[in-house]
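Let's take a walk through this model together. Please have the sequence and the 3D view ready, and follow along as we go.

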2 protein chains.
Amino acid sequence: MAAESELNTGVLLFLPYRALENRIFATLAEAGYDDVTPAQARVLQRVGPDGTRLTELAEQAQVTKQTAGFLVDQMEKAGYVRRTPDPTDKRARLVCLAERAWAAKEIADGVVAEVEQEWEAHLGKRRMKQLREALTALREITDPWA
Amino acid sequence: MAAESELNTGVLLFLPYRALENRIFATLAEAGYDDVTPAQARVLQRVGPDGTRLTELAEQAQVTKQTAGFLVDQMEKAGYVRRTPDPTDKRARLVCLAERAWAAKEIADGVVAEVEQEWEAHLGKRRMKQLREALTALREITDPWA
DNA sequence: CAAATTAGTCAGAGACTCTGACCAATGTCA
DNA sequence: TGACATTGGTCAGAGTCTCTGACTAATTTG
């Protein structure tokens, strides 16, 4: 290789992202949550505390509502979510986190905190803060739901 | 929502990454390269200038060699890559970029440059530099091939 | 040289995602 | 109010992606 960092910013973003994701899945699997697939997790992550509609989940996870429905079906069978009728719209149902999801989420949050600490230890408090600050600002122009 | 940024660093990394990826695929598709799939692209990205072995592609893209082989087969048919015998090892073959891939890569590189400029315009030169600097440092502990 | 390793393929199955066609409830507006 | 468009969601079918397991051939190691 030649000079310092030849990588484009996309790859630079992706590398740590994937490292974190891998850690989360590995820890979750060890703890017995080996039945969540990455595809399911991408949807599960977006379920809000008061439940979220399928269509909204689909949009945010960037899949079709059919796909989202398919994944929610599986997660429902596996005990991660529940569907409850939406009181404000008889067509809709709210996807809500069930017990198993809350428990898994607790573990996942723990891993995230752990990894963030490792990163801060490596970068130093100042650069870690700058990183989060820049990424948060970037969100304004890259996150459609910001 | 409550305070400022409640999002964990993983999500923060993923959001801009996906925004960039979406832009690349959209532009590529407009330019007639609508036959590369995301899965293929993840492998294609890793092909070095002098060709790369299937096994190495598989490792870096984090898929099995069977999967990598399957994707390379398709890209070979579509004219994106070529397989040439590895002069140093009769078992192996080198996957090399073909004409169509070079052309697509040029477009993709253009989009990346464009998006990076937009980001810099939004963040300012200083914060963009800090961002890349922090990400590059992070690579030391998150990139197995660093 | 025999044994272990490494590069890659073949076969089959499961997981993921999409398009198209639908139904039911809601919203819009003349 | 009542037709029409929109929105939330499902069903059916097909194509894509990925994995596990088993196997061949070339290379490396002791």
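Predicted model: local features only at pLDDT ≥ 70, side-chain atom pairs only at ≥ 80, totals over all residues.

**From one residue to the whole assembly**

Is Leu97(B) buried or exposed? Leu97(B) has 21 other C-beta atoms within 10 Å, and the cut-off for buried is 20 or more, so Leu97(B) counts as buried.

Who surrounds this residue? Setting aside residues up to four places away in sequence, Leu97(B) touches Val47(B), Val81(B) and Trp102(B). Tyr80(B) is worth a look too: its C-alpha atom is 6.1 Å from that of Leu97(B), although 17 residues separate the two along the chain.

Now turn to chain A. Its secondary structure consists of six helices and three strands, and reading along the sequence gives the order α-α-β-α-α-β-β-α-α. The C-alpha atoms of chain A occupy a box of roughly 60 × 35 × 30 Å along the principal axes. Of the 146 residues in chain A, 28% are buried. If you consider contacts in chain A between residues at least 6 apart in sequence, 45% of them link residues at least 24 apart.

Finally, let's see how the chains meet. Here 32 residues of chain A are in contact with 31 residues of chain B. On the chain A side, the elements that supply two or more residues are α1 (9–30), α5 (99–123) and α6 (125–142). The largest share, 12 residues, belongs to α6(A). Sorted by class, this side of chain A has 17 nonpolar, eight polar and seven charged residues.

Conventions
Residues numbered from 1 in each chain as written. Chains lettered and ligands numbered in written order. Contact = placed C-beta atoms within 7 Å. Helix = DSSP H or I, 4+ residues; strand = E, 2+ residues; numbered from the N terminus. Nonpolar A, V, L, I, M, F, W, Y, C, P; charged D, E, K, R; others polar. Buried ≥ 20, exposed ≤ 12 C-beta atoms within 10 Å, placed from the backbone.
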